[in-house]
Amino acid sequence: MKALRKFLDKIKPNFEEGGKLYAFHSVFDGFETFLFVPNETSKAGVHIHDSIDSKRIMSMVVIALVPALLFGMYNVGYQHYAYTGAEGTFMHMFLYGLLATLPKLIVSYGVGLGIEFIVAQLKQEEIHEGFLVSGILIPLIVPVDCPLWMLAIATAFSVIFAKEVFGGTGMNVFNVALVARAFLFFAYPTRMSGDMVWVSGESILGLGQNVDGLTAATALGVASTAPEPTGYPAFSWDMVTGLIPGSIGETSVIAILLGAALLIYTGVASWKIMASVFVGGAFMGWVFNVIGPDTAIAHMPWYEHLVLGGFCFGAVFMATDPVTASRTETGKYIYGLLIGMMAIIIRVLNPGFPEGVMLAILLMNIFAPLIDYYVVQGNINRRLKRFAKYNNFKPNVK
């Protein structure tokens with residue numbers, strides 16, 4: 001690392017004002033601050049000094065996503081070999097999934113960071129670090145059969161219209177990765193739903209075998225289209241381990257909870273939001289079990305709702321986004337509870353949206369500032385009333 005530090009110090013003058021490469025100052029600054037903690041200090045207007053900056057926080061989230069990413073790669077290969085009838089070892093399956101997932105990661109980061117670099121250069125500002133997380137989230141929440149050109153368009157749309165137009169990292173109203181998935185869902189619905197997008201039917205560099213018209217329904221897809229109220233899939237531990245069809249990073253509850261443990265231990269994500277999402281989802285699932293419509297997905301046990309689809313992944317990595325979530329402590333409980341409840345309501349009452357979690361989180365992104373406003377206003381009113389009680393003063397509160 002010392003050699004790298006010396007090399008950066010040697011070429012740094014070329015990127016400073018007056019240097020021949022000053023036009024690429026933002027690009028150099030982005031790489032330097034990603035590799036090393038900046039040695040600059042704030043002069044004014046700062047209330048809290050901390051050694052942890054946003055790049056370190058984003059890096060921790062990426063590390064927390066690694067278990068879901070690695071298992072997702074294996075599951076992509078496992079599903080391919082299982083549904084095509086091909087024979088292969090653990091390593092064959094993992095390599096197949098790696099080769100199927102890696103291009104999506106490259107496209108996501110290439111398009112997203114490319115736009116970030118261009119915007120930073122045009123505005124002569126630092127490169128925003130938020131896409132370090134969004135760049136890995138986007139490939140994890142799409143089907144393995146999603147074409148790369150669609151992924152590129154969705155990534156560009158989300159970075160430009162869900163982030164940069166609002167001012168960049170820390171200013172966006174909606175979760176960037178979920179906007180990319182929503183764009184794909186509504187613009188190309190046949191490539192984001194149905195039975196033909198969850199398992200790859202193509203051979204990759206000699207691994208696996210080609211199969212035309214391969215179909216594999218997700219458990220939620222089966223429940224939402226079942227003609228009988230008892231047609232939902234029976235619970236199996238594959239729903240927990242993740243050996244089922246689904247988006248690349250969303251199937252393994254165990255891998256997701258490992259990431260959740262790291263985020264909670266490091267204080268990067270709020271356990272209050274995570275817990276509230278699960279409580280809200282479990283409660284609403286139980287309500288529909290008791291008084292819901294006579295459909296399979298309404299009668300599906302509440303605990304299956306929590307382990308299927310993107311519910312667990314959304315609760316841990318999407319709902320806890322510090323930019324778009326509620327920030328007051330009480331607001332976090334309300335925000336998470338409403339996400340969990342809305343996700344199950346959408347799943348059960350609208351068969352066209354069996355996932356539900358994506359729309360629930362995006363909806364609550366809108367209401368997060370309102371929740372915080374009323375929580376803060378409620379605290380102010382209670383303090384005014386308490387002050388009046390002990391000082392014989394009549395406060396002007398609503």
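Analyst: Let us begin with burial: a residue is called buried when its relative accessible area is under 20%, exposed when that area is over 50%, and partly exposed in between. Please keep in mind throughout that this is a predicted model.

User: How do you know whether Cys146 is buried or exposed?

Analyst: Cys146 has a relative accessible area of 3%, and because this value is under 20%, the residue is called buried. Cys312 is likewise buried, since its relative accessible area is 3%.

User: How many disulfides are there, and what makes a pair of cysteines count as one?

Analyst: A pair counts when the two cysteine sulfur atoms are within 2.5 Å, and by this rule the count comes to 0 disulfides.

User: What makes the contact of Asp145 and Arg191 a salt bridge?

Analyst: The rule asks for a side-chain nitrogen of Lys or Arg within 4 Å of a carboxyl oxygen of Asp or Glu. For Asp145 and Arg191 the N to O distance is 3.7 Å, which is within 4 Å, so the pair is called a salt bridge. The pair links distant parts of the chain, 46 residues apart: Asp145 is in the loop between helix H5 and helix H6, whereas Arg191 is in the loop between helix H7 and helix H8. Asp145, with a relative accessible area of 25%, is partly exposed, and Arg191, at 27%, is partly exposed as well. The structure holds 5 salt bridges, this pair among them.

User: Why are Lys272, Glu329 and Lys332 described as a network?

Analyst: The side chains of Lys272 and Glu329 meet at 2.5 Å, N to O, and this pair joins helix H11 to helix H15 across 57 residues of the chain. Glu329 also meets Lys332 in a salt bridge, at 3.3 Å; these two residues both lie in helix H15, 3 residues apart, which is about one turn of the helix. Because both distances are within 4 Å, both pairs count as salt bridges, and the three residues are linked in a network.

User: Why does Lys385 count as partly exposed, and what patch is it in?

Analyst: Lys385 is found in helix H16 and has 48% relative accessibility, which lies between 20% and 50%, so it counts as partly exposed. Together with Arg382, Arg383 and Arg386, Lys385 forms a patch of positive charge on the surface.

Methods: Residues are numbered from 1 along each chain as its sequence is written. This is a predicted model: local features need pLDDT of at least 70, side-chain atom pairs count only at pLDDT 80 or more; totals for chains, interfaces and linings use all residues. Side-chain values use heavy atoms; hydrogens and water are left out. Patches are made of residues with over 30% relative accessible area and no salt bridge: like charges are joined within 9 Å, nonpolar side chains (Val, Leu, Ile, Met, Phe, Trp, Tyr) within 5 Å. Accessible areas come from the Shrake-Rupley method with a 1.4 Å probe; for residues, only the protein chains shown count as cover. Lys and Arg count as positive and Asp and Glu as negative; His and the chain ends are not counted. The place of a charge is taken as NZ of Lys, CZ of Arg, CG of Asp or CD of Glu. Helices (H or I, at least four residues) and strands (E, at least two) are DSSP runs, numbered from the N terminus. Buried means under 20% relative accessible area, exposed over 50%, partly exposed in between (1.4 Å probe, protein chains only).
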